[in-house]
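Hi,

Here is the structure I promised to pass on. Have a look at it first, and my notes follow below.

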Amino acid sequence: MSFIKELWAFMRARRKFWLMPIIVMALLLGGLVILAKGSAVAPFIYTIF
């Protein structure tokens, strides 16, 4: 949790708010990969790509 606070403080101090959509999309894509690794949803996710 401290990493998130530190990242937010960095973005506020340096005015790097454009990083937020990149970080969110990377987390969503990572979550999708983890979800697709060993579940019954995997065939449906693979058709997206």
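Of the 13 residues of α1, how many are buried? The number is one, so α1 lies largely in the open. Buried here means under 20% relative accessible area, exposed means over 50%, and partly exposed is in between (1.4 Å probe, protein chains only).

Before the rest, a word on the source. This is a predicted model, in which local features need pLDDT of at least 70 and side-chain atom pairs count only at pLDDT 80 or more, while totals for chains, interfaces and linings use all residues. Residues are numbered from 1 along each chain as its sequence is written, and side-chain values use heavy atoms, with hydrogens and water left out.

Now the overall layout. The protein has three helices and zero strands, in the order α-α-α along the sequence. Helices (H or I, at least four residues) and strands (E, at least two) are DSSP runs, numbered from the N terminus. Of its 49 residues, 8% count as buried. The protein exposes about 4,500 Å², and carbon and sulfur atoms supply 74% of that; areas come from the Shrake-Rupley method with a 1.4 Å probe, and for residues only the protein chains shown count as cover.

Back to α1. Its 13 residues reach 18 Å from the first C-alpha to the last, close to the 18 Å expected at 1.5 Å a residue (the expected span is 1.5 Å times one less than the number of residues). Arg15 follows α1 and is found in the loop between α1 (2-14) and α2. Arg15 is not a glycine, yet has a positive phi of about 55°. Most residues other than glycine have a negative phi. At 61% relative accessibility, Arg15 counts as exposed.

Phe17 also has its place in the loop between α1 and α2. Leaving aside neighbours within four places in sequence, Phe17 is in contact (heavy atoms within 4.5 Å) with Trp8, Met11 and Arg12.

There is one aromatic pair in the structure. The ring centres of Trp8 and Phe17 are 5.8 Å apart and the planes are at 55°, so the pair is tilted. Rings of Phe, Tyr and Trp (its six-membered ring) pair if their centres lie within 6.5 Å; planes under 30 degrees apart are stacked, over 60 edge-to-face, and the rest tilted. Trp8, at 40% relative accessibility, is partly exposed, and Phe17 is partly exposed at 37%.

Finally, the surface. Helix α2 (residues 19-37) gives the patch its largest share, four residues. Leu28 is found in α2 and is exposed, at 54%.

Best wishes
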